[in-house]
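Q: I would like to go through the pockets and the helix packing of this structure. Could we start once the model is on screen?

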Amino acid sequence: MNFRNIFSINSDDAFQTAALDIFRYQATTCEPYRRYINYLGILPEKVDKIEQIPFLPIELFKSERIICGEPNYDIVFSSSGTTGTQQSHHYIKDVSVYETSFVKGFELFYGKPEQLNIFALLPSYLEREGSSLIYMVEHLIAGSPDSGFFLYDHENLLKRLECRDVTKKTILFGVSFALLDLAEQQPIKLGESVTVMETGGMKGRRKELPREELHRILCRNLGVSAIHSEYGMCECLSQAYSDGNGTFRSVPWMRILVRDLHDPFHYLGNNRRGGLNIIDLANFNSCSFIQTQDLGMTYSDGQFSVEGRIDYSDIRGCNLLI
């Protein structure tokens, strides 16, 4: 089925309707999700609101092929993980859906990529295959001839930043450890025309730091007032962005619910900490309802925070298929 109208969602009612339609479709065509629903004893035809939809534990992307219908796909994205851990895999039936999702989402927050300078300092992602982040940034960079990737070449990156077209806004994507290396080895005053966006953790390269401390160091050494963040994962085709205040805003076809850590089928209100459940309607060819291992809370203005990972999340998930 074609659910591409999700990218024009502009109201809560439209989101609810699309979410329920996609749930009923995935409940019958995504085999691992269908089995999970059956184990829970839930009848899809009895589900008439979002809060009744079961969320698939994200761990199942490690052991199951989460895809609707025939197992035909354009590309497979894999999680970064750390040494010795099993990777998640997301089988993408139609990669153009991902492209539409990340381009429209990026434009909502930052404008058209061809009108920007986009630099990427993403060594850990470039050094492996199957990164959905690299696919996204490559696509965004393609429309801007002055943009580019850098591995560990800080000197060349700094030259490009100094010689950039200052009439264009500039975005520097960077994995946390690489931005920290740059900030400590080559302090520079980038100024407010450059948006620094961190995209993830230390990936085992450096000691993990609280986000507040990481951002304080980066702001001081890179000469910017705030560090933006991107919240995404290989299991989702949509992203959320933070403009530096520690909270994220998602795209209109994505929504966050917070579940009770002791009862994954009970949802908490705003300003209460719990596990994050993601509804990503762009995932209509796999599973749009994902129970993550992230800890956070939502707020009355629609934003949400991410405060780390749930302790022992690999063994505490509601993994009924196993």
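Q: Which helices and strands each supply at least two residues of the lining of the second largest pocket?
A: They are α1 (12–29), β10 (249–250) and β11 (254–260). Helices (H or I, at least four residues) and strands (E, at least two) are DSSP runs, numbered from the N terminus. This is a predicted model, in which local features need pLDDT of at least 70, side-chain atom pairs count only at pLDDT 80 or more, and totals for chains, interfaces and linings use all residues. Residues are numbered from 1 along each chain as its sequence is written, and side-chain values use heavy atoms, with hydrogens and water left out.

Q: Which of them gives the most?
A: β11 does, with 5 residues.

Q: What is the volume of that second largest pocket, and which residues are closest to its centre?
A: The volume is about 500 Å³. Of the 27 lining residues, Asp12, Met254, Arg255, Ile256 and Gly302 are the closest to the centre. On a 1 Å grid over the protein atoms alone, a pocket is an open set of points with protein on both sides within 12 Å along at least five of seven lines, a cavity is a set where a 1.4 Å probe fits but cannot get out, and lining residues have an atom within 4 Å of a point. Points are joined across faces, edges and corners, and a volume is the space filled by probe spheres set on them.

Q: How many cavities of 30 Å³ or more are there?
A: The count is 1. The largest cavity has a volume of about 70 Å³, and strand β3 (residues 89–92) gives the most to its lining, with 3 residues. Among the lining residues are His90, Tyr91, Leu237 and Phe284.

Q: Changing topic: at what angle do α8 and α9 pack?
A: Helix α8 (residues 176–185) and helix α9 (residues 211–222) pack at about 40°, with their axes 9 Å apart. Axes are lines fitted to C-alpha atoms, for helices over the stretch in contact, and angles run from 0 to 180 degrees between N-to-C directions. The two helices are therefore oblique to each other: under 35 degrees counts as roughly parallel, over 145 as roughly antiparallel, 65 to 115 as roughly perpendicular and the rest as oblique.

Q: Which residues of α8 and α9 make the contact?
A: Contact means heavy atoms within 4.5 Å. Including Leu179 and Ala183, α8 contributes to it, as does α9 with residues including Leu214 and Ile217.

Q: And how does α7 pack on α8?
A: Helix α7 (residues 154–162) and α8 pack at about 80°, with axes 11 Å apart, which makes α7 roughly perpendicular to α8.
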